[in-house]
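Work through the following exercises with the structure at hand. Each task is followed by a solution in steps.

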Amino acid sequence: MTHDAGSGAAQHRETSAPVISGVDIGGTKISAVLTDETGAVLAKGVVPAPAAEGGAAMADAAAGLVLRLCDALGASLAGAGVGAAGVIDQERGVVVAASATFTDWSGFPLADELALRLGVPVWVENDVNAFLLGELRWGAARGESDVLGIMLGTGVGGAIALDGAVHHGVHGAAGEIGHTPGFSDLVCTCGQTGHLETLASGTSIARRYRAATGSDATAPEIADRARAGETAALDVFTEAARATALAASVASSLLDLGMVVIGGGVREAWDLLEPGILDALRTDAPVSGFPLRIVPAEISADAVARGAAALASARLADSVPAPV
């Protein structure tokens, strides 16, 4: 059975037990899933993200999507987890910092605002941390303990898992590999110069291709041209792949990681990225000598939302008193 939830179809099966929602809030779209206690996806949908309209509009859109999915499923909601773009204070559920893509997002009390709209507890995590949680539980990183997650999308985000748990760091900002310097002389979206994001994001791929050819092609269109053998298109993907592999190698040398999982929209061009990644690892592998596996995400499209649902499920379980 299918129902329309915003601009995306929501596939679901009926359930009588309360469900858990996972929400992925990005700069262009908001997607959500409803899961049962095992993590199985019961329904999902997507709506445009009103990022230019401010935090309240984003919370309205996210909550509206979740409530429509619950109505279509005929289910009550037990709690929700959110993977949101930006630096997140996980304890308070507040967006601490975000890119200029979002209006009035920095400082927005997302957990409280969504809890008010949904009537259930809400926990918020950085979107790339949630992506990695999803891949650790259901995707390419199943069974792994020390993993770097990189999302190549509109920007470049990163997350680190140590001993099987996401590592937040002192300020909750661990893993921000997209804003490590030294990769180019281009200005990054954050205003600084030379970050990994200036080479490896979908935005930078399109920008550098435009500079080389004058074309306003999108990253997927450039990928198609690269597959057809166009040199300029191949060059931007090769540079993106090499930069990503070098950043992954540095992180893996520092933390002795066993795997790197690549997600985000640019991951759809894995056939173009993999040759450059493998070439870079042949010359610039981690100094330990142990092989570094850089692999594509398995549940990339839903990983953020499913990871956010896993976060909510774990927090709800922690809040239930143990039987006497």
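The model is predicted, so local features need pLDDT of at least 70 and side-chain atom pairs count only at pLDDT 80 or more, whereas totals for chains, interfaces and linings use all residues. Residues are numbered from 1 along each chain as its sequence is written, and side-chain values use heavy atoms, with hydrogens and water left out.

**Exercise 1. Cysteines**

Step 1. For accessibility, buried means under 20% relative accessible area, exposed over 50%, and partly exposed in between (1.4 Å probe, protein chains only). Cysteine 188 has 5% relative accessibility and therefore counts as buried. Cysteine 190, at 42%, counts as partly exposed.

**Exercise 2. Strands E3, E4 and E5**

Determine in which sense E4 pairs with E3 and with E5.

Step 1. Helices (H or I, at least four residues) and strands (E, at least two) are DSSP runs, numbered from the N terminus. Two strands pair if DSSP finds at least two bridges between them.

Step 2. E3 and E4 are antiparallel, with 6 bridges. A hairpin of 3 linking residues joins E3 to E4, and glycine 22 stands opposite valine 33 in E4.

Step 3. E4 (residues 29-35) also pairs with E5 (residues 41-48) in the antiparallel sense, over 7 bridges. Threonine 35 stands opposite valine 41 in E5, and lysine 29 opposite proline 48 in E5.

Step 4. The hairpin of E4 and E5 has 5 residues between the strands, and glycine 39 in its turn has a positive phi of about 95°.

Step 5. Of the 7 residues in E4, 6 are buried, so the strand is mostly covered.

**Exercise 3. The largest pocket**

Describe the volume of the largest pocket and its lining.

Step 1. On a 1 Å grid over the protein atoms alone, a pocket is an open set of points where a 1.4 Å probe fits, with protein on both sides within 12 Å along at least five of seven lines; lining residues have an atom within 4 Å of a point. A volume is the space filled by probe spheres set on the points, which are joined across faces, edges and corners.

Step 2. The largest pocket holds about 1,200 Å³ of space.

Step 3. Its lining has 37 residues, and Ala85, Asp127, Gly153, Thr154 and Gly155 lie nearest the centre.

Step 4. E3 (19-25), H3 (127-138), E10 (147-152) and E11 (156-162) each supply at least two lining residues.

Step 5. Ala, Val, Leu, Ile, Met, Phe, Trp, Tyr, Cys and Pro count as nonpolar, Asp, Glu, Lys and Arg as charged, and the others, Gly among them, as polar. The lining divides into 14 nonpolar, 17 polar and 6 charged residues.

**Exercise 4. Glutamate 144**

Locate glutamate 144 and state how far it lies from leucine 65.

Step 1. Glutamate 144 is in the loop between H3 and E10.

Step 2. Its relative accessibility is 24%, so glutamate 144 counts as partly exposed.

Step 3. Glutamate 144 and leucine 65 are 79 residues apart in sequence, and their C-alpha atoms are 33 Å apart.
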